[in-house]
Amino acid sequence: MDLYGTDIAIHAGDLVPLPAGDLERVQGVSCLAQDLAHRLDTPRGGLWLHPGYGFDIQRFVHLNASPAHVLDFELSVAEEVEQDPRVEPGTAKCQVLGWDRERIRFRLTCKPIADPNPMNLVLEVGGG
């Protein structure tokens, strides 16, 4: 059994149809990576049946990149990522790579459960 799941693949916000008419799927740790990116890009409360799901990115995007805002963002991202039961508790770390008043670019590192290797993602949020 796959601990990380299977989902429809989303590339640059689009579904990818296969020649036979099905949609491309993503599974394993790649599914976890896609799901974490989706969690951070979905406004909290944006899913009707899951009001606690998502991240309030808009409270950060239009702020300046003061040390206090950067630290708050990094800790908030790590805390949100660890809400996913497929992420080992205490392993999520976030490092801001770039921040302007439109978008935030950051590196996310965490350890999936039952996997000896950490996951490293570079994500950008905002701009919308």
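Select F60 to begin: at 1% relative accessibility it counts as buried, a label for under 20% relative accessible area, with exposed meaning over 50% and partly exposed in between (1.4 Å probe, protein chains only).

A quick word on what you're looking at. This is a predicted model, where local features need pLDDT of at least 70 and side-chain atom pairs count only at pLDDT 80 or more, while totals for chains, interfaces and linings use all residues. Residues are numbered from 1 along each chain as its sequence is written, and side-chain values use heavy atoms, leaving out hydrogens and water.

Next, show F73, which is buried too, at 0% relative accessibility. Rings of Phe, Tyr and Trp (its six-membered ring) pair if their centres lie within 6.5 Å; planes under 30 degrees apart are stacked, over 60 edge-to-face, and the rest tilted.

Colour by secondary structure and you'll see F73 in helix α3 and F106 in strand β6 (residues 103–110), 33 residues apart. Helices (H or I, at least four residues) and strands (E, at least two) are DSSP runs, numbered from the N terminus. F106 counts as buried, at 1% relative accessibility.

Finally, select F55, F60, F73, W99 and F106 together: ring pairs link them into a cluster. The structure holds 5 aromatic pairs.
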